[in-house]
Amino acid sequence: AMQVDVITEDNSRLEIHASGHPAMEELKAMYRWVRPACAIPVHGEFQHLRANARLAKSVGVPEQLEGKNGDLYYIAPVKGIRRGAVKTGRLGLVQDKLKKLF
């Protein structure tokens, strides 16, 4: 079994701050440590997803899948994307009735 030290605000000598979103150098380190066969960025604006995919490529991740909201990712037996497979958009409450806004 692996030994893991968990550092929390309560047991750290230094102040800890995390935004929940990694910086570029942190993402590069993660890709280098994990060495995935494929990167599939899935959270953020399109520009962030593309930047994440390009960053993965720059550190040696051999394949990247770039999708958009509503795309369906296939990871086995063959990697790929089915575009627009799921309806997406925003829902809002207009005069006590649920309506699709986009």
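Buried residues, those under 20% relative accessible area with a 1.4 Å probe and protein chains only, make up 20% of the 102 residues in the protein. The model is predicted, with local features needing pLDDT of at least 70 and side-chain atom pairs counting only at pLDDT 80 or more, while totals for chains, interfaces and linings use all residues. Residues are numbered from 1 along each chain as its sequence is written, and side-chain values use heavy atoms, with hydrogens and water left out.

**Overall fold and surface**

- The protein contains 2 helices and 6 strands, taken as DSSP runs numbered from the N terminus (helices H or I, at least four residues; strands E, at least two).
- Along the sequence, these elements follow the pattern α-β-α-β-β-β-β-β.
- Of the contacts (heavy atoms within 4.5 Å) between residues at least 6 apart in sequence, 28% join residues at least 24 apart.
- The accessible surface, from the Shrake-Rupley method with a 1.4 Å probe, comes to about 9,100 Å², and 54% of this surface belongs to carbon and sulfur atoms.

- Leu-55 touches Met-24, Leu-27, Lys-28 and Tyr-31, with residues up to four places away in sequence not counted.

**Lys-28**

- Lys-28 lies in helix 1 and counts as buried because its relative accessibility is 18%.
- Leaving aside neighbours within four places in sequence, Lys-28 is in contact with Leu-55 and Val-59.

**Largest pocket**

- The largest pocket has a volume of about 380 Å³.
- A pocket here is an open set of points on a 1 Å grid over the protein atoms alone, where a 1.4 Å probe fits, with protein on both sides within 12 Å along at least five of seven lines; lining residues have an atom within 4 Å of a point.
- The volume is the space filled by probe spheres set on the points, which are joined across faces, edges and corners.
- Of the 16 residues lining this pocket, Pro-22, Leu-27, His-43, His-48 and Asn-52 are the closest to its centre.
- Helix 1 (24-34) and helix 2 (46-58) are the elements that give two or more residues to the lining, and helix 2 provides the largest share, 5 residues.
- The lining divides into 10 nonpolar, 6 polar and no charged residues, where Ala, Val, Leu, Ile, Met, Phe, Trp, Tyr, Cys and Pro are nonpolar, Asp, Glu, Lys and Arg are charged, and the others, Gly among them, are polar.

Note on methods
Buried < 20%, exposed > 50% of the residue type's maximum accessible area, 1.4 Å probe, protein only.
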